[in-house]
Each structure stands twice: as C-alpha cells, then as structure tokens.
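Thanks for coming. I have one model to go through today, and I will take it piece by piece.

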Amino acid sequence: MKNDKLGLLLITASLVVIVIIIGLLYQNQAKLHEKKIRIDGVAITRALSNTDFQELVTEIHSNNMIATMVEVQANTDFAYGVVVDLSGQKLYETASAGSIAPIATMPSEPFEWFGEQHVISPGDARGIREFFAPAMLNGNLAGFIRVGYYNKPIGILSSAVSDLALMALPVFLLAVLSYLLIRREVKPLGILSDKIEKASLSYGLEPASPAGGINPGEFVQRFDQFMQLVQSRVEQKGQESFSAQTSNHLLVYKQEKAESALNSFPDAVLMMDSACIPFFSNHKIEPLLGVGRDSILGQSSDEWCQNKEVLAFVLKLKDPNTSMRFSSIEYVPEDNPEKHISVSAFPLISPRDKDTLFGTMLIFKDVSQEHAAQQAAAEFVSHVSHELKTPLNSLSAYSELLLDFTSMQEKDIIESINVIHDEAERMAGLINNLLNISMIESGNLKLARKRVKLNDMMQDVLNTMSNLAQTKDLKINLNIPPELNPLRLDKELFRIAVDNLVSNAIKYSENGSSVTIEVTPLENEQIQIIVRDQGIGISEEDCKKVFLKYYRASNKETASRSGHGLGLYLAKQIIELHHGSISVESEIGKGTEFTIIFKAAPVQLEESQA
Amino acid sequence: MSERILIVDDEQHIVRVFKLYLERNGFIVESVGNGKLAMEWLAQNEPDAVITDIQMPIMDGKELCEKLEEEMPDRKFPIFVMTSMTDREHRTWTDKIKNLLFLEKPVSIRELSRKLDEYFAQT
C-alpha cells in the first residue's frame with residue numbers, strides 16, 4: 001500500500017517534469033521565433049527603404065523588390081508586404097494566402113519613420129507584428145513600407161512534438177522503470193519490515209505504531225533497534241555456542257576417558273543395548289570371541305556369538321526380568337577345551353532412575369588359571385584329608401586296641417604306643433607344612449637365621465629318617481666334609497626343606513636300594529647339597545612341574561604313594577628364601593637327583609660364640 | 001570254626017594292629033602288601049572276607065576289586081574297602097563290584113570287628 005502511493009507520487013512528479021520541460025521548450029521556441037521575426041522584419045524594411053521607389057511599386061511581380069525580398073527570406077510566418085503613400089493608400093501589396101494588410105496610421109515625425117507595431121489580422125484576428133520603414137522618392141518621403149509577420153506560429157508546437165515526445169518518453173519510461181525498480185526493491189523491504197516487526201515482537205521489542213504505510217524514519221529507527229537486538233542476540237548465541245562447544249569438548253573428553261578406562265580394563269568388555277546389540281567393546285574381546293570388533297558392534301547376537309551356551313545366556317538377557325539382575329556363566333570354548341571363560345552380565349541401570357535400563361555389560365574373563373587353581377585346591381583338600389586320615393586311621397585303631405585289650409604283651413603295648421607317637425608326629429608335620437606354606441605365601445614368614453652346623457643338622461635328618469628307611473630296607477649314605485664352617489640359616493625351615501627331599505627319596509625308592517646325601521662346599525662360599533635316590537624316577541615333563549604347588553606326577557607309581565604335592569613346593573620356597581636354588585634331574589626307573597645350591601652367609605661374631 | 005580274613009595293605013602298622021585286634025577276637029588273619037600279592041594268595045586260598053586299602057603300590061585296591069570281579073565271578077566272600085574318599089565321584093567304580101562294603105577312614109576297628117561278626121552270623 002505504501003508502495004502504490006510512492007508509485008503514484010513518482011508518476012505525478014515525472015508528468016510535472018515533462019510539463020515544465022515542454023513549457024520551457026515552448027517559451028524558448030517562441031523567443032527564438034520572435035527574434036527571427038524581428039531580424040527578418042528589420043532587415044527587410046531597412047533594405048527596402050534604400051531601394052528605388054519605382055522598384056517598390058512596380059506591378060511587375062518579378063521586378064518588384066518587395067516580392068523578391070520576401071521570396072528570398074522565405075519566412076513561413078510572413079503575412080504581408082505593403083507599400084502605402086502618405087495617405088495610407090496601398091501602392092503595392094504582396095501577401096501570404098488569406099492574409100490582408102490592415103489599415104494603419106503611420107507616424108508623421110521623422111524619428112518615428114522606422115519602427116514596429118502590433119496589428120490584428122482583419123481576416124482571422126491573429127496578432128501580427130508589423131515592421132515599417134519610410135519609402136523615399138527623390139529625397140522626400142513618399143510613403144511607407146510595411147511588412148507583417150504573424151506573432152504566434154501555428155506549427156511551433158507541432159513541429160517540436162516529435163522532439164518533445166522523444167524527450168518525454170525516456171523521462172516517462174525512466175519514471176516507470178524507477179517505480180518498478182523501487183517497487184521491486186521496496187517490496188522485500190516491506191516484507192523485511194513485516195518480518196522485523198514480527199521478529200522484534202517475538203524478541204520482546206515494543207510493537208511499532210499500528211498505522212501501516214512506509215514511514216522511512218520509523219523504519220530506520222525500527223531497523224536500528226532490530227539490528228541492536230540482533231547483535232545482542234548474536235553475542236548471546238556466540239557465548240552460548242562457546243559454552244556448548246566447551247561442554248561438547250568436555251563430553252568428548254569424558255567419553256574418551258571412559259573408553260580408555262574400559263580399554264585398559266584387564267578383561268574383555270562388551271556393552272549391549274536392551275535388544276542385545278553390542279554398541280561398545282574393548283580390544284580384549286577379539287581373542288576371546290575369535291571375532292573382530294567390526295563383526296560384533298551393531299550386529300545381532302546370533303551373528304557375533306558363536307558359542308551356543310553364551311548365545312543362550314545372551315538371549316535370556318532380552319527378558320527384562322533377567323537383565324535387571326547380575327548373572328554369570330562359565331563355558332569351555334569349543335575350539336579350546338583347555339580354556340575356561342566366565343561371562344558375567346551386569347545391568348546398566350540409569351543412575352537417575354532405577355527402572356531405566358540402558359542395556360547390559362558383559363565381562364568375559366579367561367578363568368582357566370583360576371579354574372585350574374580351583375581344581376588343584378579341590379584335589380589338594382582331597383589329598384590333605386586323605387593324608388590326615390591315614391595317620392588318624394592308625395591312631396584310632398591302636399588306641400582302640402590298647403583300650404579293648406589290657407592284657408597284651410609288653411612288646412605289643414610299646415609298639416602300639418610308638419606307632420601312635422609316630423603317626424601323631426606325621427600329622428603334625430603335615431599340618432606344619434601347610435602352615436609354613438600359608439605363611440610363606442602371605443609373605444608373613446621371615447627367616448630367623450641362626451648359627452647352624454650343617455654336619456649336626458644332616459646327622460639329625462639321618463637319624464629321624466632311619467626308622468622310615470628301615471621299613472623299606474633302605475640304606476642312607478651321608479657324605480659331608482667333617483669340618484664345615486658354621487652357617488647362618490633358618491634352622492627349622494631349612495630342616496623342613498631337607499627333610500622333604502630325603503623323605504621323598506625314601507618314599508619313591510624301591511625296597512633294598514639306597515639314598516645318598518652329599519654336601520659339597522663350592523667356590524664363592526656356596527654350598528651344594530645333593531639328595532640322590534635309585535627310585536621310580538620322574539619323567540622329563542613332570543620334572544618341569546614337580547616344584548609347582550599341589551603338583552603330583554600323574555602315574556600309578558606316584559598315586560600309590562601318599563603325598564600332597566606340597567613338599568617340593570615348600571622346599572623350593574624355603575631355599576629361595578635363603579637366596580638359593582633347587583633343581584632336579586631324573587630318569588624313569590633309574591632314580592632322581594635333587595640339588596640345592598645356596599650361599600653360606602658368614603656367621604657373625606656374637607653368634608659364633610653361642 | 002574261626003573265619004579267615006585277608007588284609008591287603010602296604011602300611012605295616014595298620015596290618016599289625018588289625019591282626020592283633022582281630023586275632024584276639026578269634027579271627028584267623030592273613031596279610032599281603034598289595035593287590036598283586038593278594039591275587040596270588042587268593043589263587044591258592046579261599047578267605048571268608050577281604051579287607052583292602054585303596055592306595056597301594058604295584059596293584060591298588062580298585063584294580064584288585066575289578067580283577068576279583070572279573071576272574072572270580074562266583075566268589076562268596078565280601079570285600080571291605082577302606083577309603084577316605086567320601087564323595088560319590090570316587091566311588092562310581094564300586095557299583096560294579098558285588099558284595100562290596102565301605103569302611104570309612106579313620107576305620108574304627110571295633111566297628112569292623114562287629115560288622116564281621118554280624119556278617120558271619122547272617123551267613
């Protein structure tokens with residue numbers, strides 16, 4: 001609406017301009033015309049005034065000077081040319097078509113003989129501008145020469161019309177074009193204005209005056225307000241975007257931190273959504289499942305899960321009743337029966353809402369070692385209970401014998417009491433072994449080194465073992481240099497280690513063979529103790545494992561002999577506590593040789609006195 | 001008539017105490033150190049009962065029982081097996097053996113003597 005008014009204004013203005021231009025042109029043309037008439041009129045009258053009188057009045061047209069001059073001039077506005085005598089009588093007259101020279105009073109004073117005057121054409125009442133000059137005959141005034149021209153030319157406008165039109169057309173076209181251009185430019189401005197208005201309102205700016213129409217001043221003001229508003233908004237948005245960027249970085253950082261934590265987690269982690277489709281897993285999942293992470297993430301469970309047990313376990317998690325609780329299974333991979341893998345499912349519950357479940361976290365853990373340890377521990381318990389029950393068996397039987405039959409031979413009574421004593425010691429020895437192992441393993445056992453004479457200790461071992469050796473008709477040889485310097489050892493522990501080696505040698509020897517103990521001082525103050533038997537021997541494979549906890553060679557010969565798989569393990573721990581080493585060499589059926597090498601710590605002065 | 005009992009065990013003092021106790025209760029007690037020796041003895045003699053340990057060198061108690069089942073399907077005498085393996089798993093092999101009784105370690109020798117008396121009283 002505002003635009004239309006502007007257009008109208010423009011068109012009107014352009015028309016006014018055209019009119020003014022036309023007016024000015026007309027005025028200019030009229031002036032030029034008047035000037036031309038004056039020049040022509042003055043020139044012709046002056047020229048004719050000097051002409052011979054006869055040549056002015058002759059009726060012979062071709063000889064008449066007036067006719068000739070008018071013809072030469074060829075002024076389109078020429079009205080008439082007349083020669084009159086002093087009484088005003090026309091002596092000669094030439095005129096354009098339809099024109100008649102009016103009667104006029106001529107001046108009498110000589111200074112008025114040259115001049116001009118306005119007359120009215122008697123035929124059509126048009127204004128005529130008449131120039132006059134005296135006509136002289138023999139030096140005397142004989143009459144006047146009068147030449148008239150029409151004042152207002154008829155063709156003055158019509159002749160200029162095409163020029164005017166040519167001039168007006170571009171002006172008019174320009175006006176229209178300008179209008180269209182302005183309209184085109186203003187139209188988006190109007191839309192913009194409306195939009196600004198709406199936007200301003202939505203941004204909480206006061207509404208503009210309700211009157212419509214373009215008000216440039218107001219528009220500029222509104223535009224300025226709007227721009228300020230927009231600027232402040234942009235700044236605000238900039239700050240918001242900065243803080244959003246910062247929080248986004250923080251989020252990414254937190255996510256990366258969480259991912260790195262899950263990646264460095266010692267077990268394989270797999271996170272699934274509630275449809276059991278994995279959305280995260282760490283690197284350790286690949287070797288356990290035997291599938292690349294690409295084939296796991298985003299895949300349905302029957303695609304990434306090859307193992308039927310695990311698949312059944314995972315599919316159960318689709319049930320919300322199952323997935324909200326912790327559950328776990330243990331399975332043996334089909335391609336590796338030695339392995340045991342545990343899978344635990346932990347519900348991923350939203351920290352805000354206990355009823356919202358994000359999915360499930362599966363932790364795959366290779367528990368082969370734990371499983372082996374568990375099995376070993378179970379076997380150990382079984383062995384230990386057997387080992388304890390065997391002496392207990394004797395204790396029970398002999399005490400029942402003594403209780404039920406009081407009238408026995410003294411020999412039998414003494415033997416019974418000896419058996420009870422020996423078996424009680426055997427039990428105590430086993431219990432001590434167990435206690436020592438648990439102390440060594442928990443790191444609570446510290447060596448209590450004392451001054452020890454190795455000769456005495458080895459002799460003690462020999463004496464203690466002689467009973468056992470006798471039952472199998474074994475011969476024990478002890479080779480030790482007679483004068484060894486005293487050593488610093490934890491006497492009780494070291495004795496346990498040596499006892500275990502010697503009792504093993506006896507246990508695994510065939511009846512009637514021999515066991516040899518050799519003590520040799522080596523260079524660098526080292527001592528070597530060898531315990532050699534001629535027993536059943538240990539296979540090469542078992543030799544590597546004999547020092548492992550609970551390990552017992554899995555053959556019938558070994559199974560037939562009582563043992564708990566702790567003696568050699570304990571011996572190794574004790575020797576290592578003394579910064580020594582223990583090794584084994586054996587051949588099946590030929591015998592076994594255990595070698596201990598340890599550094600003989602020097603005896604301190606105060607101890608050597610003890 | 002006093003019953004003959006064969007004790008199969010490598011632990012000498014167990015054999016001794018069983019012998020002392022059971023002989024005083026009127027049984028005739030014989031003993032061998034392992035399953036192989038037991039089989040040899042049984043090839044020659046007919047006991048009224050066999051008492052055997054499981055862990056023994058050369059031939060253990062399990063193999064002895066299986067051999068007896070195989071080689072003497074018509075045997076009449078019961079086998080008393082002394083065992084400390086209380087769980088079922090270790091006993092599955094005993095299901096195949098006829099006339100087998102368990103003696104849980106530690107064995108009460110009084111209880112054993114009473115069981116033998118009861119057994120022979122029935123037969």
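Predicted model: local features only at pLDDT ≥ 70, side-chain atom pairs only at ≥ 80, totals over all residues.

Following the sequence, the pattern reads β-α-β-α-β-α-β-β-α. Of the 123 residues in chain B, 49% are buried. If you take the contacts in this chain between residues at least 6 apart in sequence, 62% of them join residues at least 24 apart.

Now the sheet in chain B. Five strands make an open sheet, in the order E2-E1-E3-E4-E5, with parallel pairing. At its edges are strand E2, 28-32, and strand E5, 100-104, each of which pairs on one side only. On average, neighbouring strands of this sheet are turned by 20° against each other, direction ignored.

Elsewhere in this sheet, strand E3, residues 49-53 of chain B, is joined to E4(B) by four bridges, and these two strands run parallel. Thr52(B) has Val81(B) as its bridge partner in E4(B).

How many residues of strand E4 of chain B are buried? Five of the five, over residues 79-83, so this strand is largely enclosed by the rest of the structure.

Helix H2 lies across E1, E2 and E3 of chain B and runs at about 155° to E1(B).

Next, a place where the two chains touch. Helix H11 of chain A, residues 410-442, packs with helix H1 of chain B, residues 12-24, at an angle of about 140°, and their axes are 11 Å apart. That angle makes H11(A) oblique to H1(B). Their crossing is left-handed. Which residues make the contact? From H11(A) they are Lys411(A), Asp412(A), Glu415(A), Val419(A) and Glu423(A), and from H1(B) they are His13(B), Arg16(B), Leu20(B) and Arg24(B). Sorted by class, this contact of H11(A) with H1(B) has six charged residues, two nonpolar and one polar.

On to chain A, which has an open sheet of five strands in the order E7-E6-E10-E9-E8, and here the pairing is antiparallel. Strand E7, 278-281, and strand E8, 327-331, stand at the edges with a single partner strand each, so one side of each has no neighbour in the sheet.

Met271(A) has Phe280(A) as its bridge partner in E7(A). Helix H8, residues 308-316 of chain A, packs on the sheet, where it touches E6, E8, strand E9 (341-349) and strand E10 (357-366), and its direction makes about 170° with that of E8(A).

The next item is a helix pair inside chain A. Helix H13, residues 491-507, and H16(A) have axes that come within 9 Å and cross at roughly 145°. This crossing, too, is left-handed. H13(A) contributes Leu493(A), Phe494(A), Ile496(A), Ala497(A), Asn500(A), Leu501(A) and Asn504(A) to the contact, while H16(A) contributes Gly567(A), Leu568(A), Leu570(A), Ala571(A), Ile574(A) and Ile575(A). The residues of this contact of H13(A) with H16(A) divide into ten nonpolar, three polar and no charged.

Last, a single residue. Gly565(A) is in the loop between helix H15 (556-559) and helix H16 (567-577) of chain A. Is Gly565(A) buried or exposed? Its relative accessible area is 15%, and the cut-off for buried is under 20%, so Gly565(A) counts as buried. Gly565(A) and Val546(A) are 19 residues apart in sequence, and their C-alpha atoms are 8.1 Å apart in space.

Methods:
Residues numbered from 1 in each chain as written. Chains lettered and ligands numbered in written order. Heavy atoms only, no water. Axes fitted to C-alpha atoms, helices over the stretch in contact; angles between N-to-C directions. Parallel < 35°, antiparallel > 145°, perpendicular 65-115°, else oblique. Left-handed = near helix turned anticlockwise from the far one by under 90°. Contact = heavy atoms within 4.5 Å. Nonpolar A, V, L, I, M, F, W, Y, C, P; charged D, E, K, R; others polar. Buried < 20%, exposed > 50% of the residue type's maximum accessible area, 1.4 Å probe, protein only. Pairing = 2+ DSSP bridges.
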